Amino acid sequence: MASVFLRLDTTQVSTQLQAWQVISAIQLSLYTSAIATLIAFVLAVPSAYFMATRNFPGKPLVDTIMDLPVVLPPAVAGVALLYAFAPRGVLGPLLTSLKITLPGYTVAVIIAEAFVASPFLFRAAKTGFENRDKDIYNSARILSGSRLLVFFTVSLPLTIRGIISGTMLTWARAMGEFGATLMFAGNLPGITTTMPLATYNLLYSNQSGAIVLSIILIAISFTVLVIVKLIEQKRFGAKK
């Protein structure tokens, strides 16, 4: 990473930050990663709660499948999404009948980012729900017959730091997504070209632009990790 900073021409930073390709990539990445993180939150937190509080046949298999995108090569994830949602994919005829086409559009970027990044939030939330104080939880269950009420008033507040950490990691992962986006959404400037893809595009045509985008992504990753570590320290420190 230091080599990236050493190649930075500070006189070019202002110029590059005004370049259309750079601005477009930053705006698209912020937009798609925010939506992808929101989708991940809506899907992953309830799923994590269910997996942490229920036992059913095949649970280890389902748990493994939920984690699979973390270790799956992003390009393979992109191929899987392509064969699922492309016009000739598994769901292609249905989507085509509804006049919906995903590859080549911004929505495909959001789907790819949510698919690859959501396991980070799922894992963090599941760990939080599993480690919650069961005495408090059981008391709340006795006093309130509503599982939904207990979830929002007890379980969620007790795991909020873990969920915030997972949400931040999910957003950072979505910002840095490359392989699945390239394979599923394509690389169309202004439509599907996010910051990582723009960095790839600019590397041989506008090296200064590629370096500026790289440094922004490094800064985001570093900042997110610092914040997550601070949250984790407070979380585990509070238990002592």
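A: Begin with exposure: a residue is buried under 20% relative accessible area, exposed over 50%, and partly exposed in between (1.4 Å probe, protein chains only). Lysine 99, at 77% relative accessibility, is therefore exposed. This is a predicted model, in which local features need pLDDT of at least 70 and side-chain atom pairs count only at pLDDT 80 or more, while totals for chains, interfaces and linings use all residues. Residues are numbered from 1 along each chain as its sequence is written, and side-chain values use heavy atoms, with hydrogens and water left out.

Q: Where is lysine 99 placed, and what is its phi?
A: Most residues other than glycine have a negative phi. Lysine 99 is not a glycine, yet its phi is positive, about 60°. The residue sits in the loop between helix H6 (92-97) and H7.

Q: How are helices picked out, and how do I judge the span of H10?
A: Helices (H or I, at least four residues) and strands (E, at least two) are DSSP runs, numbered from the N terminus. The expected span of a helix is 1.5 Å times one less than its number of residues. H10 covers residues 160-175, which makes 16 residues. From first C-alpha to last, H10 reaches 22 Å, close to the 22 Å expected.

Q: Which residues of H10 are buried?
A: An α-helix has 3.6 residues a turn, so residues three or four places apart point the same way. In H10 the buried residues include Gly162, Ile163, Gly166, Thr170 and Ala174. Ser165, Thr167, Ala172 and Met175 are buried as well.

Q: Which residues of H9 are buried, and what covers them?
A: Val150, Phe151, Val154, Ser155 and Leu156 are the buried residues of H9. Their cover includes H3, H7, H8 and H10. Contact here means heavy atoms within 4.5 Å.

Q: Which residues touch the most other members of the largest nonpolar core?
A: A nonpolar core is a set of buried Ala, Val, Leu, Ile, Met, Phe, Trp, Tyr and Cys residues joined through side-chain atoms within 4.5 Å. The largest one has 18 residues, and Val45, Leu121, Phe129, Phe151 and Ile163 touch the most other members. At least two residues of this core come from each of H3, helix H7 (106-130), helix H8 (134-143) and helix H9 (147-158). H3 gives the most, with 7 residues. Another core, of 14 residues, lies apart from this one, and Met175, Met195, Leu202 and Val224 are among its members.

Q: What is isoleucine 163 in contact with?
A: Neighbours within four places in sequence are left aside. Isoleucine 163 is then in contact with Phe41, Val45, Leu121, Ala125, Phe129 and Leu156.

Q: Which residues form a nonpolar patch on the surface?
A: Patches are made of residues with over 30% relative accessible area and no salt bridge; like charges are joined within 9 Å, and nonpolar side chains (Val, Leu, Ile, Met, Phe, Trp, Tyr) within 5 Å. Accessible areas come from the Shrake-Rupley method with a 1.4 Å probe, and for residues only the protein chains shown count as cover. Leu38, Ile39, Phe41, Val42 and Leu43 form such a patch, with about 460 Å² of accessible area together. Leucine 38, in helix H3 (residues 20-53), is exposed at 53% relative accessibility.

Q: How many salt bridges are there?
A: Side chains of opposite charge can pair when their charged atoms come close. The rule for a salt bridge asks for a side-chain nitrogen of Lys or Arg within 4 Å of a carboxyl oxygen of Asp or Glu. By this rule there are 5 salt bridges.

Q: Which side chain meets aspartate 63 in a salt bridge of 3.4 Å, N to O?
A: The partner is arginine 123. This pair links distant parts of the chain, with aspartate 63 in helix H4 and arginine 123 in helix H7, 60 residues apart. Aspartate 63 is buried, at 16% relative accessible area, whereas arginine 123 is partly exposed at 28%.

Q: What else do aspartate 63 and arginine 123 pair with?
A: Lysine 126 forms a salt bridge with aspartate 63, their closest N and O atoms being 3.8 Å apart. Arginine 123 also pairs with aspartate 67, with 2.1 Å between the closest N and O atoms. Salt bridges that share partners join Asp63, Asp67, Arg123, Lys126 and Glu130 into one network.
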